[in-house]
Amino acid sequence: AAVIANTNRLYLIHQMTDSFLQKGIRYCILKGETLSYLYNDHNCRISSDTDIFINKTDKETAIDVLEQHGYVVKPLNTMSNQIHAIHPIAGFIEVHLALYNEISADVWFDNKILITEDYRLIKCDDGKEIFALGINDGLVFLALHYIKHFLSRGVGIRQLMDLLLYVRKYKKDIDWERFNQLLEHLNYKKFFDNSIGIGVKYLNIKEEDMPEYRSDDSIIGRLLSDIESGGVFGGNEDSRIGFSYNYTKERFHRFKNEDYDVYVKKWWRPNVIKAIFPSVRSIAVKFPYVKKTPLLYPVAWIHRAIKLLTGIIKKEKSVYKYINPQKAVENNETIKKRMELIRELDMI
């Protein structure tokens, strides 16, 4: 049943990407189907959603294409670098306008995530061809995406397997000097090496299929415990919520010589205005009656404000989420324990 549902989903995704090309939208698929061929049986790697990367300038055209194909586009979050949409058969889709949000790209990855290669075509099981990142760009994205989830809240075995199988497939084609220099610069080499160690020790990955690495059994055990307790994307433990804010604050001065609070406010303030006064198109997704006429925008704005105020009064929402999300985070024992592991991995 899962395979049949996935086949139907991919058929509709391919129709949509064809429309992207017809409209002149340059795209590539991130992860998902472009990684399924790494597995012995492609159906072992079924995604629950689809990630597509496009240029920011194509945002409005992409939304039009999505809606024409029956997707319901969710309200556009001013702080997000993604368009979220859902389809009854094709499922959830994320259209990325940037590979990472501004703070992650700047503070975690020092703005080193660049697309340096042409996209490549990958042939799908149904004969269609879809665009994917170049081999080296693909490795950088996969590795940092894996790291991003670990730093955000948690990461799962599937993300690790994607990375290890990709390395095995393209070991001879990868520019290892470029990749290792990047990880050393970002201080993520030790985490990457110990992730390989997990694969070799527990996931039936052959050592000769991997690049040179150094791992520590004690760290491997703690990493696996973190994966097990957190589950996929760390969703099993609500106490992990906000971990990324703590990490960002600790990480900040690795590449920055300015005040952290000033930096956050400088980044946050322009987005607050956008959050208070969203575009007509964005607010119409939440309040469809605006689609009848833009004159109803003030009504929708008041409607939205009342819902927000009600949520804050009922304590369903935190005012800090809108004023300064960094202050909405509690530094609990789970976060402290994960930060200890981060320090042991030299990821600050």
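## Close-up views of a predicted model

**View 1. The side chains of Arg338 and Asp226 form a salt bridge.** The N to O distance is 2.8 Å in this predicted model. Arg338 belongs to helix H15 (residues 333-344) and Asp226 to helix H9, so the pair ties together parts that lie 112 residues apart in sequence. Arg338 and Asp226 are both buried. The pair also belongs to a network of salt bridges, which links Asp226, Glu237, Arg240 and Arg338. Side chains of opposite charge can pair when their charged atoms come close.

**View 2. Asp217 and Lys201 meet through their side chains in a salt bridge.** Here the N to O distance is 3.3 Å. Asp217 sits in helix H9 (residues 217-230) and Lys201 in helix H8, so this pair ties together parts 16 residues apart in sequence. Is Lys201 buried, exposed or partly exposed? Lys201 has 43% relative accessibility, so it counts as partly exposed. Buried would need a value under 20%, and exposed one over 50%.

**View 3. A salt bridge joins the side chains of Asp162 and Arg45.** Nitrogen and oxygen are 2.6 Å apart. The pair links distant parts of the chain, 117 residues apart. Asp162 is in helix H6. Arg45 is in the loop between helix H2 (33-36) and strand E2 (49-54). Asp162 is buried, and Arg45 is buried too. The structure holds 15 salt bridges, including this one.

**View 4. Helix H7 (residues 176-186) has five residues to look for: Trp176, Phe179, Leu182, Leu183 and Leu186.** These are the buried residues of H7. Why do they line one face of the helix? Seen down the axis of H7, the buried residues fall within an arc of 135 degrees, so they share one face. An α-helix has 3.6 residues a turn, so residues three or four places apart point the same way. Glu177 and Gln181 are exposed, on the face turned away from the buried side of H7.

View 5. Just after H7 comes Asn187, with a positive phi of about 70 degrees.

Methods:
Residues numbered from 1 in each chain as written. Predicted model: local features only at pLDDT ≥ 70, side-chain atom pairs only at ≥ 80, totals over all residues. Heavy atoms only, no water. Buried < 20%, exposed > 50% of the residue type's maximum accessible area, 1.4 Å probe, protein only. Helix = DSSP H or I, 4+ residues; strand = E, 2+ residues; numbered from the N terminus. Arc of directions from axis to C-beta. Salt bridge = Lys/Arg side-chain N within 4 Å of Asp/Glu carboxyl O.
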